[in-house]
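Please examine the structure shown here together with its sequence. The report that follows describes selected local features.

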Amino acid sequence: MKKINCFIPYMDKDQVLKTVEGLKSTNLVEKIYLLAAPDVTENIAGCNLIHTSSIKSSATIRKIAGYAATEYTLVYTKYTTLQLGMFALERMIHIAEDSKAGMVYADHYQVVEGKQTNAPVIDYQLGSLRDDFDFGSLLLFSTDAFKEAAARITEDDYEFAGLYDLRLKISQKADLIHINEYLYSEVENDIRKSGEKIFDYVDPKNREAQIEMEDACTEHLKEIGGYLAPYFEHIEFSAANFEYEASVIIPVRNRIRTIRDAIKSVLNQKTDFKFNLIVIDNHSTDGTTEAIDEFASDVRLVHIIPERNDLGIGGCWNMGVHHPACGKFAVQLDSDDVYKDENTLSIMVRAFYEQNCAMVVGTYMMTDFDMNMIAPGIIDHKEWTPENGRNNALRINGLGAPRAFYTPVLREIKVPNTSYGEDYALGLNFSRKYQIGRVYDVVYLCRRWDDNSDASLDIVKMNGHNLYKDRIRTWELQARIKINEQSWDKGF
């Protein structure tokens, strides 16, 4: 019994012929539709042309829903040859039937210049709201789920966010199931390092797409009860009594090549308020400890070596923030990086008062080790808006740098004891109640070099990081849904 209609992006015959032949050989495919640009007229025998300007637009999703007439609908999203594994579609259908999934997706292989590598993906969860969540390129939908979700797409026509909008709507009523098996191969043409790819979404040329993605995500949050309206708690900064107005916090372990630059960039700050620098030296063994001690004559430096041996970056932050010498505002500086100039600290602190916020996020520039600008250049996160920033924060994968916090709130919330994503978790938590302020001038230089934590990650590490951030989003989304439920119970 033919159970699948397939929808394949189409540029030319050579690009798609092997994919079509492979699908036909399964004996599960009833029809194959080629998604082609409006000016494409050449067809392939046995296939049907569907003209569209974008395979990810809401108009295309509606067209697919209109043509989908079998039990399952297969969508392939890459303009490369799809190579199915043995009985791959049978396996995907079997899992879809057993689980009653709205969509199934699978681990796979990537072929780059003839070399095959593993490309595992991760499980989908409530907080998997990133529009760049990696499902792989082969998506098998329950046609009923596809049609039901497509029917709920708003009248707004998304050019970029149609497929994203669809899967969010499907996830509201059915599971998106990850099959932990390698079921197909795809050819990867983009061979940039992972550390470069992760910033694609903030490329200015993608800003129009980002606006669409934000709209789709915000609509989804409203539909599942996770949206927070733009009402924030007011902060009386004068109520706090601190000796120092601000403290710069630097957790460090084995950064002998960069720690001196970081410390100098803090001690060179010019302010009209009292500040200090708290360095949490997490048992360095490469000379970093001795390098920090070179600055011991400056009374503004607080050098802490923890007694504990179980601290990540977040744990080191907790030690610094809870130190008696910590100031009213705790300002981040990574041991790899430097402040842009002597005004950074003043700019960040002033933003707290001007915007009445519990957290401030600045703008940074990516540089090489010698602090020359490199791609993608300036990261300003201008997709953040005061009205919707805390909702959109659940979609994006980071908030920017440097980050600064109102210390009393940070002491109450506390930093997760991890070495990745701890800052993002704080941003989500802070934004639950408080406004997050923004500084759009470049105030921070983020140095990328071989020993950076995310300079070039293998896929297993990237998956681990993304899984954790999705989990953070899940916890936060659950908390926000609970807040709204309690408000509804009280009649607010």
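## Confidence of the model

This structure is a predicted model. The average pLDDT of the protein is 93, and 94% of the residues score at least 70. Residues 191–202, by contrast, have a pLDDT below 50. In the model, this stretch has 31 contacts beyond near neighbours in sequence.

Helix α4 comprises residues 143–151. Five of its residues are listed as buried: T143, A145, F146, A149 and A150. Seen down the axis of α4, the buried residues fall within an arc of 160 degrees, so they line one face of the helix. An α-helix has 3.6 residues a turn, so residues three or four places apart point the same way.

Which residues are exposed on the other side of α4? They are D144 and A151. The buried residues of α4 are covered by elements that include α2 (58–67) and β4 (72–76). The cover also includes β8 (138–142) and α5 (162–171).

## Cis peptide bonds

Two peptide bonds deserve attention here. A cis peptide bond joins A375 and P376, with omega at about 5 degrees. P376 belongs to strand β16, which spans residues 373–379.

The peptide bond from A401 to P402 is also cis, and its omega is near -5 degrees. P402 is located in the loop between α12 (389–392) and β17 (403–406).

## Positive phi angles

F87 is a residue other than glycine with a positive phi, near 55 degrees. Where is F87 found? It lies in the loop between β5 (83–84) and α3 (88–99). Is F87 buried or exposed? Exposed means over 50% relative accessible area, and F87 counts as exposed because its relative accessibility is 57%.

M371, likewise not a glycine, has a positive phi near 65 degrees. M371 is placed in the loop between β15 (359–367) and β16. The relative accessible area of M371 is 31%.

Notes:
Residues numbered from 1 in each chain as written. Predicted model: local features only at pLDDT ≥ 70, side-chain atom pairs only at ≥ 80, totals over all residues. Heavy atoms only, no water. Helix = DSSP H or I, 4+ residues; strand = E, 2+ residues; numbered from the N terminus. Buried < 20%, exposed > 50% of the residue type's maximum accessible area, 1.4 Å probe, protein only. Arc of directions from axis to C-beta. Contact = heavy atoms within 4.5 Å. pLDDT = per-residue confidence, 0-100.
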